[in-house]
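Visitor: I am new to this structure. Could you walk me through a few of its terms?

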There are 2 protein chains.
Amino acid sequence: MKLTEIGMKAKETAGFLNKLGVREKNRGLEMAARALTEGAEAILLANQADLLRARENGMSEALLDRLKLNEERIKGMADGLREVAALNDPVGEVLEMKLRPNGLQIGKKRIPLGVIGIIYEARPNVTADAFGLCFKTGNAVILKGGSDALESNKAVVACLQKGLIGAGIPVDALQLITDNDRAVTKEFMRLNQYVDVLIPRGGAGLIRAVVENSTIPVIETGTGNCHIYVDETADFQMALDIIFNAKTQRIGVCNACESLVVHQSIAEAFLPELKKRLDQKQVEIRGDERACAIVPEFVHATDEDWGYEYLDYIISLKIADSIDEAITHINHYNTRHSEAIITKDYENSMRFLNEIDAAAVYVNASTRFTDGNEFGFGAEIGVSTQKLHARGPMGLEALTSTKYIIFGKGQIRE
Amino acid sequence: MKLTEIGMKAKETAGFLNKLGVREKNRGLEMAARALTEGAEAILLANQADLLRARENGMSEALLDRLKLNEERIKGMADGLREVAALNDPVGEVLEMKLRPNGLQIGKKRIPLGVIGIIYEARPNVTADAFGLCFKTGNAVILKGGSDALESNKAVVACLQKGLIGAGIPVDALQLITDNDRAVTKEFMRLNQYVDVLIPRGGAGLIRAVVENSTIPVIETGTGNCHIYVDETADFQMALDIIFNAKTQRIGVCNACESLVVHQSIAEAFLPELKKRLDQKQVEIRGDERACAIVPEFVHATDEDWGYEYLDYIISLKIADSIDEAITHINHYNTRHSEAIITKDYENSMRFLNEIDAAAVYVNASTRFTDGNEFGFGAEIGVSTQKLHARGPMGLEALTSTKYIIFGKGQIRE
């Protein structure tokens, strides 16, 4: 099917979805969840084919694990849809209704965005997750998943669509682009006429490619070169606990800590303890010259280390002479995701909160909390690292827009 | 000066502006306003040079009028800055502060966007307006105005910068790109590293060019192919008053009405009255076949008319068999700006409000109200016709972002 046809169908269906009540949408999610469980066999068969091909193509074990589905993971996808059904629907709420001096009543109503495009890597669980969030907010969604997961995605989408049919909802609420040609993906990114927003989910390369090529408004998600700054007055035990947690609790995630900045006045006392703690998980510490002078076992950091998102048992470490130097360093190298200060000093905590440019700025807590569930949104479509529309963990509200509704009685402008 | 240098300076200054209090910002606006009035002579001289050149190049009278400055218009620019100073500053407000079960306090703080780029046509008053709104919200701004207004813009910027210096604020809070090479403008649109958002202000062509070429997030403003639908039960007098107002009160603006849809059951009675009313201002009515059969003096509309923004004493007119046909027609041809229904019917008013896809949807009022002042925002940077970040008239808040601030006491993620 041609992309413009997919776009046209999505746009048309968006008009239908806009009129659905929350009860009908929740029924669609429940039917889709049921269809997933019932279709598990077919999904697993398709996933086997993807895995076989990926292995032949030499895919790494870590990526194979992301691609792999099993009964439990399919159940997880179905449960995810039911959890989204249980969430409050933000659509339809009128945020403010004001009476103007001329008698006009002007209100701001929350509405679906319309058609959402999502480009992601070979992770078939994203297929169901993304559908659930977009559908709950009344949006039609067009998915373009990684080519290595094509058969799995086709099978998952077929199940979800079967569920939609059962609930009397047009299948085009969810469409999958099955053409793996790169030219098609590029064309998709220029489908302004039909697609209201494009959300890339994946690594830095994917996101950069979308930002570079898309003429559709993009919400950037993801990459996190997160820092923790250990201030002069930090409680060492707290700092060690938070750093250990932020670095090692889960290494492959965007809110993991990748870089440390330590105030020079405590470096000599703190660094050996830090090494001892991170040695528990064999974390490699790449320090600047001064750090390596204190702990000779540190690896010498190069300039590339400061901006690098390792997603691994590696962390970089810089010593700063002042909080000013720390803030400047972090604002230069961070990816606007999550940054933390460990301090007992009131003024420094305030300065860090105000001056660090990031979606989430922490005092005395782990960067690992930047997450829709931890923030109390119940679910997230990703973590926005840009400044327009949504910043930080994006819950259902980030998938909506507003429009002004105006009630008059014949008013004209003087 | 190289663009990257301009970008770097803007980014650096944005960090400074982020720390300013509202009192210091208002002082900057006051000093800038004063410097404008004091520099009026130099500005007028520069403007004379622009006007002379533009006339030689054959610029139309309408565009010359937009380019032209005089004492009064300069005073208007200065007054505009003072009005912005009087507005409430949205920056710094913490929107919600919630206590999570683990004791984390998470709040959403309103902050400046950072660096704003504005590309606009040969209208030197936009130079001061855009600066005022961006500066009040703590943003550094980079302006690229139409080449025909270059000398005027240089003079205006010189005055504003003089005001900033007087207030002890870095002049790079406001920078003007003076290189008129198209390649420079294109490069500007790809200055992601330094510019947080790009706002084009001008006609459809300019906006399309920015959307096509920019890798910086764009806020689309402007084009308005606004409709009024006259429903079966409409009060004729109200419909005539609103249409006359929306079409003729000011023809060159984006919220002027460009197209009518009339229910077939009232067409025979309504159309002759409509003609009589619009004849008062010699408005040309371009009707579909059925409309022309009722009033033979109407001009026959072609397919191009339905999507055209005339900005002139011309209006198109289509007859619809039902509200469904009217809604479908409007959603197909509108530019998501402002649309109105004239009706006495409750259900139709609700359907129109819900189903029309536009930034502002009216019942029984003129589309001319879509405006920051009329909506009570005090000032506007433009009318957003896209769905991300801001929709409809954009006041100061549209020039801000948010960040999450999190207060902890050593929390780590389990």
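Guide: Start with pairing. Two strands pair if DSSP finds at least two bridges between them. Keep in mind that this is a predicted model.

Visitor: What makes S7(B) and strand S12 (residues 338–342) of chain B a pair?

Guide: Four bridges join S7(B) to S12(B). The definition asks for at least two, so they pair. The two strands run parallel. In S12(B), B:Ile342 stands opposite B:Val230.

Visitor: How do you know that S7(B) pairs with strand S8 (residues 257–263) of chain B?

Guide: By the bridges again: five join S7(B) to S8(B), and these strands run parallel. At least two are needed, so this is a pair. B:Val230 has B:Val262 as its bridge partner in S8(B). Between the strands, the chain passes through helix H10 (residues 236–248) of chain B, and this β-α-β crossover is right-handed.

Visitor: Why is S7(B) called largely enclosed?

Guide: A residue counts as buried if 20 or more other C-beta atoms lie within 10 Å of its own. Five of the five residues of S7(B) are buried, so the rest of the structure largely encloses the strand. B:Cys226, B:Ile228 and B:Val230 point one way, B:His227 and B:Tyr229 the other way. In a regular strand, side chains alternate between the two faces of the sheet.

Visitor: What makes helix H6 (residues 124–136) of chain A close to its expected span?

Guide: H6(A) reaches 19 Å from its first C-alpha to its last, against 18 Å expected for 13 residues.

Visitor: Why is H6(A) also called largely enclosed?

Guide: Twelve of its 13 residues are buried, so the rest of the structure largely encloses H6(A). Among them are A:Phe131 and A:Lys136. Just after H6(A), A:Gly138 takes a positive phi of about 75 degrees.

Technical notes: Residues are numbered from 1 along each chain as its sequence is written. Chains are lettered from A and ligands numbered from 1 in the order in which they are written. This is a predicted model: local features need pLDDT of at least 70, side-chain atom pairs count only at pLDDT 80 or more; totals for chains, interfaces and linings use all residues. The expected span of a helix is 1.5 Å times one less than its number of residues. A crossover is right-handed if, with the strands pointing away from the viewer, the path from the first strand over the helix to the second runs clockwise.
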